[in-house]
Amino acid sequence: MRTNTTSPFTFLQSLAARFQPPGWVVDEGQQKLVLFLNHVLMQEKEAQNRLLRKKGSVVHMRWGVFALDLLITPAGLLDRAAPGAKPDLLLAVAAESPSVLVQSVLAGKAPPVKIEGDVQLAAELGWLADNLRWDVEEDLSRVIGDVPAHTLAGFARQAITGLRQFLAQAPVPAAASSGAVTVPPVPEPPKAAP
């Protein structure tokens, strides 16, 4: 009997390479992403203060065929930069494979990123990446209440732990053996004595 050792992400990677969404989908998706990033930034005044130091700067972010130019506003928030704006900083995700990217995120690590441009701006964005977190449970509690939000967040944490364990046991893709990030195994909790 032959076992299948291909990654489930191989199909997604080939699909993403062939799929080109319509312009209006890309435009709407980028606008929603900017709104989400600003929502998270507004929850942390220090994050806004750090961005305020670099107001007017343009950050070009790229992953494969997907690109986004962000402008830092005078309020310490983000907006989409005008088409053709000269970027002060280029951030390009070096991992083309979605599986490597997902493994990095699930491991709690930043994916490999190529950085070019303003060093101070890169340092401020690095601080944001290390210290800024979306409080999903808090946002859910505003919609469905504290107890259901806490319960859903607990289920989500368990699912992520299970997914990490599954990925730790999965065969390592060829791209991961060339210096890419892999997910470390998650230790099992101690068993109770009988």
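Glu 46 and Arg 53 form a salt bridge, with their closest N and O atoms 3.9 Å apart; the term salt bridge is used here for a side-chain nitrogen of Lys or Arg within 4 Å of a carboxyl oxygen of Asp or Glu. The model is a predicted one, in which local features need pLDDT of at least 70 and side-chain atom pairs count only at pLDDT 80 or more, while totals for chains, interfaces and linings use all residues. Residues are numbered from 1 along each chain as its sequence is written, and side-chain values use heavy atoms, with hydrogens and water left out.

Glu 46 is partly exposed, because its relative accessible area is 29%, whereas Arg 53 counts as exposed because its value is 52%. Arg 53 also meets the side chain of Glu 124 in a salt bridge, at 3.0 Å from N to O. This second pair links distant parts of the chain, 71 residues apart: Glu 124 belongs to helix H5 (residues 119-131), and Arg 53 to the loop between helix H3 (45-52) and S1. Helices (H or I, at least four residues) and strands (E, at least two) are DSSP runs, numbered from the N terminus. Glu 124 is buried, because its relative accessible area is 3%.

Five strands make up an open sheet in the order S3-S2-S1-S4-S5, with mixed pairing. At its edges are strand S3 (78-80) and strand S5 (113-117), each of which pairs on one side only. From one strand to the next, the twist averages 25°. Two strands pair if DSSP finds at least two bridges between them. S1 and strand S2 (residues 66-72) run antiparallel and are joined by six bridges, while S1 and strand S4 (residues 89-93) run parallel and are joined by four. In the hairpin of S1 and S2, two residues lie between the strands, and Gly 64 takes a positive phi near 60°.

Arg 62 has Ala 67 as its bridge partner in S2 and stands opposite Ala 92 in S4. Met 61, found in strand S1 (residues 58-63), is partly exposed because its relative accessible area is 30%. Leaving aside neighbours within four places in sequence, Met 61 is in contact (heavy atoms within 4.5 Å) with Phe 66, Ala 67, Leu 68, Leu 70 and Leu 91. Its C-alpha atom is separated by 8.0 Å from that of Val 93, a residue 32 places away along the chain. In S2, the bridge partner of Met 61 is Leu 68.

Helices also pack on the sheet. Helix H2 (residues 23-42) touches S2 and S3, and its direction makes about 170° with that of S3. H5 touches S1, S2, S4 and S5, and its direction makes about 50° with that of S4. Axes are lines fitted to C-alpha atoms, for helices over the stretch in contact, and angles run from 0 to 180 degrees between N-to-C directions. Within helix H2 lies Asn 38, which is buried because its relative accessible area is 11%. Apart from neighbours within four places in sequence, Asn 38 is in contact with Leu 77 and Leu 78.

How values were computed
Buried < 20%, exposed > 50% of the residue type's maximum accessible area, 1.4 Å probe, protein only.
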